[in-house]
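This report is an introduction for a reader who is meeting the structure for the first time. It takes the two chains in turn and then turns to where they meet.

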Amino acid sequence: MSNEKIVEIRKLSKTIGKKQIIKNLNLDLHKGEITGFLGPNGAGKTTTIRMMVGLMKPTQGDILIGGKSIRTDFEGSIEKVGVIVENPEMYKFMSGYKNLVHFARMHKGVTKARIDEVIQQVGMQNRIKEKVGSYSLGMRQRLGLAQALLNNPEFLILDEPTNGLDPAGIREFRMYLRKVARENDVAIFVSSHLLSEIELLCDRIAIIQNGELIDIKNVNEHQQSRYYIEAKPAEQAKQVLEEIGFTVHPHENGYLIDTEPEHIPGAIKLLTAAGVDLYAVQPHRTTLEDQFLEMTGGGEIAQAHTK
Amino acid sequence: MLKLIQNEWMKLWSKKATWIMASLLIIILLANAGITKWIESTSPAPEMAWQEMEEMNLMSAQDQLQNPDIGSAQQDYYEGQAAIAEYRLANDAEPFKVESLQQQMLDGHMMLSLVTLFTVIVGAGIVASEFSQGTIKMLLTRPVKRWKILTSKYITTMLFALLFAILTFISIALFSWIFFGVGDGAFLVWNGSEVVEGSYWAEALKLSALSLASTWMIGTFAFMLGTVFRSSSLAIGVSIFLMFVGVQLVFLLQRFEIVKYYLFTHTDLTQFYTGFMPIPDITMAMSLIVLTVYFLVFMVISYWTFSKRDVTA
């Protein structure tokens, strides 16, 4: 993974009416890196993405893609970008192939050979001559991916790309994106509300709430090793653990302790020696979902869902 | 730009509706020729000889010339009509019958309102349908500036209108040749000092070209509405409504000065050559200027909204 910057979002703001939807957003994206874009509904994910691809105009700030400003050099900046915005809507009355020809004509230097190559890549050679209206959702997603790859993009933007795909389709899609990122050194920016999806796919996650970027973190960042211990009587177990020197946090029916694996056997021996009955001792990982809810406040999501 | 127009053309003809419109146009023209033929064959022999008709023409032209309210274009027209009628009577030069290839071609420009109708449908939908299908976001996220995309769509609409006009012209020629054949008679024109024989093909072409001004304006208007409101049905409805009512309004506004700046006073450019002018004191030059101004306004509104709009659909 090279660390070359391909996209720079600088002080991006968007005001619609009197409401500031995006507030002073700064973010860099690097080649070969898949960045997830998470946020509760209405946080400004789609607005940000639409500004990045030229569908909406920033009120303030700028987006540089490959060093070229989307405001002053739209054609230059978007040249090497591939886009899938939500469900890729195609011309249903034309064949998949004609759709690809249509979009290829809008880029410089996309040859017929390249179109065929992309069709191979997404595995659509058998049905490409059929009308898009007859395709299943999965097929349309693949065609959507094909059109985004036509111009050999250095930067792929995907807004909710796995919407409507079945689990096998999602898995295939994920593998494919990883491959593209690694082999072609493409930067990928994916927005999704599927947390598990983002966790599996991305190297890095940007979290947005109320139009502000609240956190950027690497997915495989070393986590503090934690263990969950469930024992009875609980009070006695707590006492023993504290005597050993662990910091003890109550969690569900037991306790969480921050410690490295090598201290666990000793702790178990001491607990048993003290006459405590052990029901469970297991490593505890906070999932992205827990972190996400912790950061954005669960209420926000609940609220969004009841709308 | 050529590739963009190619794209629009491909999309246009990939739609069934376009082929239906083309077939409909040909069927209507065929039916029109067929009905004319049928009426001719079932009706009794004409009550009047052509000489009587020409005498009536002569009288009505002279009547018109007495009218102090006619404009200079009308003056020229009726002088020509009177001279031609006199010439025909003096030299026994028969005019074309209605049921002849020649007269059908000369009247062919009236059929171009069909082309206007279809152009309105295409122009109204060419931008609006991208929004309603959701394909607009695929279209605008390409390294092509928005004004170029809009231009390609506008040119495509106008190419469509031109193609349909040519199709109309050829169909009328073909069907009237099949049904009526080339009739007797000569096409006469008044060149200002004498009556000479002219080419009816050239005259038919001239009138058709002038009629296209109305197709162009109403088509552009529909294109603007479709671009601004993103709804093709609204744009089609309003445009077709105006196409019929707009001309009637000329008569209502007749007494006011403002009528001279009203679009539909000027859309029919053939009025300078057919003598029928609701507002007599306008000139061709004035009409062209007014039409150009309206055209520029329609274009500015279309381009401005299309380039500035945030796409949220």
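How many helices and strands are there in chain B? In this model, which is a predicted one, chain B has 13 helices and 2 strands.

## Chain B as a whole

Taken along the principal axes, the C-alpha atoms of chain B fill a box of roughly 70 × 45 × 30 Å. Chain B has 313 residues, and 35% of them are buried. When contacts in chain B between residues at least 6 apart in sequence are considered, 80% join residues that are at least 24 apart.

## A pair of helices in chain B

Two packed helices are described by the angle between their axes and by the distance between those axes. For helix H6 (residues 112-133) of chain B and helix H9 (residues 200-229) of chain B, the axes come within 8 Å and cross at roughly 25°. Angles under 35 degrees count as roughly parallel, and H6(B) and H9(B) are therefore roughly parallel to each other. The crossing of H6(B) and H9(B) is right-handed.

The residues of H6(B) that make this contact include Leu112(B), Val115(B), Val120(B), Gly123(B) and Ile126(B), while those of H9(B) include Ser208(B), Leu212(B), Ile218(B), Gly219(B) and Phe223(B). Sorted by class, the contact of H6(B) with H9(B) has 12 nonpolar and 11 polar residues, with no charged residues.

Of the 307 residues in chain A, 38% are buried. Among contacts in chain A between residues at least 6 apart in sequence, 71% join residues at least 24 apart.

Chain A is divided into domain 1, which covers 5-218, and domain 2, which covers 226-285. The C-alpha centres of domain 1 of chain A and domain 2 of chain A lie 46 Å apart.

## Where the chains meet

Between the two chains, 20 residues of chain B are in contact with 24 residues of chain A. On the side of chain B that touches chain A, the elements that give two or more residues are helix H1 (2-14) and helix H7 (136-140) of chain B. The largest share of that side, 6 residues, comes from H1(B). By class, the side of chain B that touches chain A has 6 nonpolar, 7 polar and 7 charged residues.

How values were computed. Residues numbered from 1 in each chain as written. Chains lettered and ligands numbered in written order. Predicted model: local features only at pLDDT ≥ 70, side-chain atom pairs only at ≥ 80, totals over all residues. Contact = placed C-beta atoms within 7 Å. Helix = DSSP H or I, 4+ residues; strand = E, 2+ residues; numbered from the N terminus. Nonpolar A, V, L, I, M, F, W, Y, C, P; charged D, E, K, R; others polar. Domains from an automatic or database assignment. Buried ≥ 20, exposed ≤ 12 C-beta atoms within 10 Å, placed from the backbone. Axes fitted to C-alpha atoms, helices over the stretch in contact; angles between N-to-C directions. Parallel < 35°, antiparallel > 145°, perpendicular 65-115°, else oblique. Left-handed = near helix turned anticlockwise from the far one by under 90°.
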